[in-house]
Amino acid sequence: MTDISIGTTAPDFDLPRDGGGRISLRDFRGKPLVLFFYPKDDTTGCTAESLAFTALADEFEKAGAGVIGMSPDSVKCHDRFIKKHNLTVVLASDEEKTTLEAYGVWKQKTMYGRNFMGVERTTFLVREDGTIGTIWQKVKVPGHAEIVLAAVQNLSR
């Protein structure tokens, strides 16, 4: 696992995305990028988070920022999730968990006394120069997308 902190270079990635094709960090050179990592498609918190980013998609676009959600779910699963909830955010699939590990979000978790590996809900704001600008760890979903949007809008001031 790489030690990711504010000011470090964001780990590169090139992953399959919803709808087919691929998406990479390079696609966003010269503009801010919001990367939100979430545990699983179509669960309560992950659905709420994806819907919140979708609701603000036009505002992120006006601010010049891209938005990508990422989980270890397959592209097929992402496609069903998008269709079911009319999502407009890009969803990247990291079934191999290489990007999740590079960003330090694939962690040991505990629920009901059981230990398992999973995604810790985390959001990164990658600046135009490819460095990490802000990190939100152990994200609580209500109001989070609005906080991230404010941070993006402050970049352009």
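How many helices and how many strands make up the secondary structure of the protein chain? The secondary structure comes to five helices and nine strands, where helices are DSSP runs of H or I of at least four residues and strands are DSSP runs of E of at least two, numbered from the N terminus. The model is predicted: local features need pLDDT of at least 70 and side-chain atom pairs count only at pLDDT 80 or more, while totals for chains, interfaces and linings use all residues. Residues are numbered from 1 along each chain as its sequence is written, and side-chain values use heavy atoms, with hydrogens and water left out.

**View 1. The whole protein chain.** Along the sequence the elements follow the pattern β-β-β-α-α-β-α-β-α-β-β-β-β-α. The C-alpha trace spans about 45 × 35 × 30 Å along its principal axes. A compact globule of 157 residues would have a radius of gyration near 15 Å, and the protein chain agrees with its 15 Å (taken over C-alpha atoms; the globule rule is 2.2 Å times the number of residues to the power 0.38).

View 2. Of the 157 residues, 48% are buried (under 20% relative accessible area; exposed is over 50% and partly exposed in between, with a 1.4 Å probe and protein chains only). The accessible surface comes to about 8100 Å², and 50% of it belongs to carbon and sulfur atoms (Shrake-Rupley method, 1.4 Å probe; for residues, only the protein chains shown count as cover). Among contacts between residues at least 6 apart in sequence, 64% join residues at least 24 apart (contact: heavy atoms within 4.5 Å).

**View 3. Helix α1, residues 44-55.** The 12 residues of α1 should span 16 Å at 1.5 Å a residue, and the end C-alpha atoms are 16 Å apart, which agrees (expected span: 1.5 Å times one less than the number of residues). Buried here are C46, T47, E49, S50, F53 and T54. These residues lie on the same side of α1 because they cover an arc of only 165 degrees around the axis (the arc of the directions from the helix axis to the C-beta atoms). The face turned away from the buried side carries the exposed residues T44 and A55. Packing partners of the buried residues of α1 include β3 (33-37), β4 (66-71) and α3 (75-85).

**View 4. Helix α5.** At 1.5 Å a residue the 12 residues of α5 should span 16 Å; the end C-alpha atoms are 17 Å apart, which agrees. The buried residues are H144, A145, V148, L149, A151 and V152. Their arc around the axis is only 160 degrees, which puts them on the same side of α5. They pack against β3, α1, α2, β8 and β9 (132-136).
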